[in-house]
Amino acid sequence: MTIYSLFIILGCGLVTWLPRVMPFMLVRKFQLPDIIIRFLSYVPLCILTALFVQNLFVAKQGQFPDFNVEYCLATIPTAVVAFLTKNLMCIVVAGVSFMALIRYFMV
């Protein structure tokens, strides 16, 4: 690896890191109104829902979207774990585990 490659990797890391960290550093110094804080509390839920729905359907050009069977099958037990535990770590581990089992047995 050359020094040029190292600088490129470090520069890419810095450019990726700055837009993620700068808003937190700026917001920490200001008191945001309650309406903005309530609005921002829905952002993670919206992002996760968008990612989930995007993976749940398989888009084909000129056709109605099909269900991704693997994801649909993994969603059901993961949703049950989410309802019972309400613990994000348990939900993620359950989702990954169910997806691994489904892919292992559906080969």
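Guide: What follows is a set of questions about terms, each answered with a value and a definition.

Guide: This is a predicted model, in which local features need pLDDT of at least 70 and side-chain atom pairs count only at pLDDT 80 or more, while totals for chains, interfaces and linings use all residues. Residues are numbered from 1 along each chain as its sequence is written, and side-chain values use heavy atoms, with hydrogens and water left out.

Visitor: Why is Thr78 called buried?

Guide: Buried means under 20% relative accessible area, exposed over 50% and partly exposed in between, with a 1.4 Å probe and protein chains only; Thr78 has 14%, so Thr78 counts as buried. Thr78 lies in helix α4, residues 69-85, where Ala74 and Val81 are buried as well.

Visitor: What makes Leu10 exposed?

Guide: The relative accessibility of Leu10 is 51%, and therefore Leu10 counts as exposed. Its place is in helix α1, which covers residues 3-27.

Visitor: Which residues does Thr78 touch?

Guide: Leaving aside residues up to four places away in sequence, Thr78 touches Ile91, Ala94, Gly95 and Phe98, where contact means heavy atoms within 4.5 Å.

Visitor: How do you know that the span of α4 agrees with its number of residues?

Guide: The expected span of a helix (a DSSP run of H or I, at least four residues) is 1.5 Å times one less than its number of residues. The 17 residues of α4 should therefore span 24 Å, and the end C-alpha atoms are 25 Å apart, which agrees.

Definitions and conventions:
Helices (H or I, at least four residues) and strands (E, at least two) are DSSP runs, numbered from the N terminus.
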